[in-house]
Amino acid sequence: MENFECVEMVKTLLKGKASERENITISFFNEVRTEIVSILKILPGYSSFDENSLNHFYDIGVKEFQSINPIEIDPSYSLNKKGFITWLTDNRKTELKDDYIKRYLAHLKTKGRSDKVLEEIAKSSEKILSKLGDPKADHPFYVKGLVVGSVQSGKTGNFNAVINRAIDAGYSLIIVLSGIMEDLRSQTQLRIEEDIIGDGTLDISKDTKGDKGVGKIRKFGELGDKNVAQVYSITSYKSDFKKSVKEADFSLNHKNILVCKKNTGVLKNLLIWLSDYLRENAEKHDIPFLIVDDEADNASLNNLGKKGADYASIINGHIRALLDLFTRKTYLGYTATPFANVLQDRNNTSAQKWPINYKIAGNTVYKEFTQVSNIFPDDFIELLNNPTNYIGAKQIFETVLDDNLKLPLVEIVRDSDVAFPARITLDDGKERATARNDHFPVTLPKSLEEATACFILSIALRLSRVSDMLDSGFLNPHHTMLIHVSRFIPWQNKTKDLIITYIEKLESKLNNELPNNKQLIYGQLEIIWNRYYSTIVLNIKSYLPAGYVDEFLSPKSYEDIKPHLIDAIRGVEVKAINSETGDKVVYAKDASGNGKKIIAVGGNRLSRGFTLEGLTVNYFIRNTNFSDTLLQMGRWFGYRPGYLDACKIFTTIDAVNKFDSTTRAIEELEAEFIKMNRLDKSPAEFVLRVRKHPGALKITRPAILKDTKIVNWSYQDTLVQTTKFKVNSSQLLESAWDRLREFIRGNNFTEDKGFLKTELSAQDVIEFLELPNTFEDFEMQSIIKFIQLCVQKNKLKNWTIAIKIKGNGRVLRSDISGLDRDIELSVRSGPREGHFRTLFTDFGVFAAAGKSANIVSAGSDFDLLLSEDQKQSAINKFKIERQEYFKSKNKIPKNEDVTIPERVYREAMTDDQCLLNIYLMDIKSVFLSKDNDKVMDDMFIKNNINEWTPLIGYAIGFPKISPDPGGEYVHGGYDLDIEVEEWDQTLDSTEE
């Protein structure tokens with residue numbers, strides 16, 4: 001009996017006891033302890049464990065139960081092609097085998113997944129299977145779908161569930177396209193072996209093979225249940241599909257799964273072998289074929305599609321040719337950043353053949369292939385939801401809809417330009433961009449030294465908790481730091497050398513200096529601990545999002561972790577992950593069960609998909625012109641049981657701003673997707689929305705937009721608001737306030753529902769929007785252009801500007817403001833910690849964040865244009881939709897007052913009217929707090945801020961407008977040049 005099995009049994013018994021009670025309190029676990037430990041003693045296989053061991057298993061089981069029991073996960077959302085009817089009827093479900101999927105779900109249960117997460121994986125994978133082509137169909141089909149999930153959220157777990165179901169359903173050839181790097185392909189191969197095949201590589205270092213994962217649950221084929229066909233893989237951890245493999249005994253008469261890179265040579269080998277394997281006089285294979293394309297927005301897209309149907313980038317062309325070798329096929333993409341996927345070409349089938357050439361016995365052979373038209377997800381898009389224990393961009397960066405407190409994990413880097421410059425000045429005074437052979441870095445910036453010290457502290461923190469996590473499936477023994485500084489390989493290698501020197505120096509000091517000497521290394525590390533960790537480690541539970549429970553996050557002080565520092569730094573490996581070094585990130589435990597400690601200096605190999613085990617500290621200063629790639633580089637998203645408070649992200653203000661805008665755009669488009677799901681819209685209709693969303697343009701890779709002189713966008717049916725403000729210029733603040741007061745005095749305002757409001761023409765509103773303001777990163781000119789376009793189409797002609805005068809802050813008296821009435825100011829508190837504070841104190845930018853960047857006081861702020869009947873009708877409609885939602889998800893709505901979101905009122909407005917709300921925020925509440933924050937107080941005085949000059953914010957509620965007036969504007973302000981990557985592995989090798 002393994003220890004982890006004992007812990008699982010404890011959780012099973014706890015679940016049974018908990019089901020007998022209506023409410024579970026902390027006392028419950030003490031009350032049932034004796035009974036459950038007694039049951040364990042009499043169970044077969046437990047007699048070898050003593051009383052202390054059984055109580056230890058009970059304690060671990062309780063903590064895991066408390067951590068996973070509150071986890072919730074909402075069902076996935078779908079957009080389907082118009083007229084979609086599934087082949088997976090109730091009758092077919094009863095006929096389908098379920099050997100592979102049952103085995104897989106049982107395997108996931110042994111890894112500590114909560115019942116609710118397992119249930120959703122089962123449901124969403126069946127839902128996706130129902131949209132794939134019917135493998136038993138007697139007619140040709142080509143189905144194209146896309147599954148969207150967050151970075152590092154468990155998409156692999158979902159697509160492995162889909163693959164298991166696809167095998168049960170009858171798909172006989174499955175090719176998993178796993179990124180463009182061999183490291184990621186190898187990692188995916190190991191996961192496929194564990195989750196689907198059931199045997200394969202056990203120990204990478206020793207190259208031992210045997211049963212693993214699902215194979216330990218149940219074996220299939222000749223060595224197990226002979227009634228269930230075993231699936232084979234001719235690719236392995238060491239080998240992709242290349243010449244030596246394709247000449248092996250590989251038969252399409254078996255069920256096969258291949259894990260391949262998106263590499264031109266690999267895909268060419270597949271094309272050649274599959275075409276050679278065609279039966280005599282047959283043009284296509286008549287077996288059900290499934291391509292699962294992981295990171296589907298990377299390399300698979302046709303960047304040349306804009307030129308027409310006859311043009312294709314090589315990898316895209318190969319994938320489309322592969323698909324057309326089969327009569328029955330499904331293409332299923334997975335991605336976290338779908339913008340490029342839905343902006344890609346949707347060309348018809350090319351009349352030209354797709355040519356390839358290769359050599360046989362020294363002679364060049366030419367072949368031509370037909371292709372499918374495109375891989376655009378016409379048939380369906382599935383949006384996966386995250387469980388509540390997932391930490392992603394929304395928990396760290398700026399959001400408007402998500403109102404969880406942001407985790408203070410980000411540290412702003414300001415000193416990296418000297419070590420890693422983007423440009424250098426030559427002897428003749430001229431500037432040029434830096435190049436790979438420039439000798440950088442010479443020294444490490446202090447921020448990188450401190451980040452490395454944080455990594456050692458994070459290991460020590462986690463080691464201090466090991467005794468409380470022994471035998472828990474939540475214990476991750478590995479520790480990783482990721483350093484992204486440059487795309488240049490020589491720079492990565494020099495950084496590796498400097499980090500090694502720094503670690504050696506640090507280790508020597510820890511081994512030779514007195515722990516109690518505050519002046520030496522232990523004292524220096526205590527300063528770093530106090531700066532970066534002390535507060536969050538002691539208070540982490542107060543930051544956790546709703547539904548996130550982690551009973552292993554025990555508070556620790558520096559004195560608690562200090563004894564572990566020497567063990568923490570011992571054996572740290574520093575690797576530069578690129579083709580020149582040949583370094584690899586391989587996670588393996590030693591004989592004592594200790595994991596690896598790796599500092600990975602990364603390039604493209606670590607940018608996408610690759611999972612870094614136990615990742616805690618990230619130093620990320622590498623610049624990229626496109627933010628969806630930036631988001632993919634965010635390897636720090638995911639699950640961090642027992643060590644979330646050990647995590648740190650060191651990055652630049654530019655990266656933070658890009659993450660903020662990307663997170664906002666994703667949040668808004670996800671909300672749009674959910675709304676379109678409710679309205680039964682199709683993928684094509686969602687695409688139109690994405691194409692016109694202003695945020696999507698900002699965050700989509702330029703290759704998709706290159707040579708596009710004109711882009712479409714639209715603000716119809718959106719709420720646009722200012723969320724960042726320049727607050728370190730009293731002159732700018734005064735100017736904005738003076739001009740607003742002039743506007744108020746020059747127009748006839750009436751009071752209504754806590755607002756002063758006036759009606760204006762569209763042209764008057766445009767003139768108002770051009771007044772001085774303190775807004776930062778706000779697309780004012782785009783909004784003005786959109787309004788002008790709407791007016792041309794006889795929309796948005798009648799505007800109401802409303803000023804909120806009933807806030808919860810101080811009263812701005814009329815004798816101070818010069819206005820004819822008193823105003824109760826709104827309150828937004830300034831940031832007290834994290835990167836939002838650095839943004840404020842160092843750059844003078846106030847981000848209305850904290851929990852949410854939303855400056856709107858309440859949803860009812862946008863009911864001003866509705867009559868009471870219209871308002872009540874909108875509310876009733878929303879409540880009915882809410883009830884239907886809970887009914888469709890088999891959930892019971894909570895008995896509490898329902899908060900009505902602003903969209904409910906805004907969507908009831910007519911398309912000839914629009915509402916602009918103005919919020920006057922108390923500048924004193926932004927700067928000054930009850931905590932006597934000296935830095936903020938001094939900043940307030942130094943910048944000569946007038947405490948009675950309010951900070952002005954706008955929120956514009958655009959109604960639904962049909963047809964969408966989104967116009968064509970020449971794009972400006974975006975760098976649409978393709979970033980030149982220094983690929984550390986060729987993409988056009990033949991791999992022969």
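Which residues do ring pairs link into a cluster? They are Phe725, Phe743, Phe749, Phe768, Phe775, Phe778, Phe840, Phe846, Phe927, Phe940 and Tyr954. Rings of Phe, Tyr and Trp (its six-membered ring) pair if their centres lie within 6.5 Å.

Please keep in mind that this is a predicted model, in which local features need pLDDT of at least 70 and side-chain atom pairs count only at pLDDT 80 or more, while totals for chains, interfaces and linings use all residues. Residues are numbered from 1 along each chain as its sequence is written, and side-chain values use heavy atoms, with hydrogens and water left out.

**The protein as a whole**

- The protein has 35 helices and 32 strands, taken as DSSP runs (helices H or I, at least four residues; strands E, at least two) and numbered from the N terminus.
- Of the 992 residues in the protein, 57% are buried (under 20% relative accessible area, with a 1.4 Å probe and protein chains only).
- Among contacts with a separation of 6 or more, 80% join residues 24 or more positions apart; contact means heavy atoms within 4.5 Å.

**Aromatic pairs**

- The pairing rule gives a count of 32 aromatic pairs.
- Phe725 and Phe775 form an edge-to-face pair, with ring centres 6.1 Å apart and planes at 70°; planes over 60 degrees apart count as edge-to-face, under 30 as stacked and the rest as tilted.
- Because Phe725 lies in strand S23 (residues 724-726) and Phe775 in the loop between helix H28 (762-769) and helix H29 (780-792), this pair ties together parts that are 50 residues apart in sequence.
- Phe725 is buried at a relative accessible area of 0%, and Phe775 counts as buried at 12%.
- Phe840 and Phe846 are also edge-to-face, with their centres 6.1 Å apart and their planes at 80°.
- Phe840 is buried at 0% relative accessible area, and Phe846 counts as buried at 1%.

**Helices H31 and H35**

- Helix H31 (residues 834-843) packs with helix H35 (residues 934-942) at an angle of about 30°, and their axes are 11 Å apart; axes are lines fitted to C-alpha atoms over the stretch in contact, with angles from 0 to 180 degrees between N-to-C directions.
- On the H31 side the contact is made by Arg837, Phe840 and Thr841, and on the H35 side by Val935, Met936 and Met939.

**Charges over rings**

- Arg462 lies over the face of Tyr643, 3.9 Å from the ring centre; the rule asks for CZ of Arg or NZ of Lys within 6 Å of the ring centre and within 35 degrees of the ring normal.
- Lys648 lies over the face of Tyr533, at 5.8 Å from the ring centre.

Note on methods:
Buried < 20%, exposed > 50% of the residue type's maximum accessible area, 1.4 Å probe, protein only.
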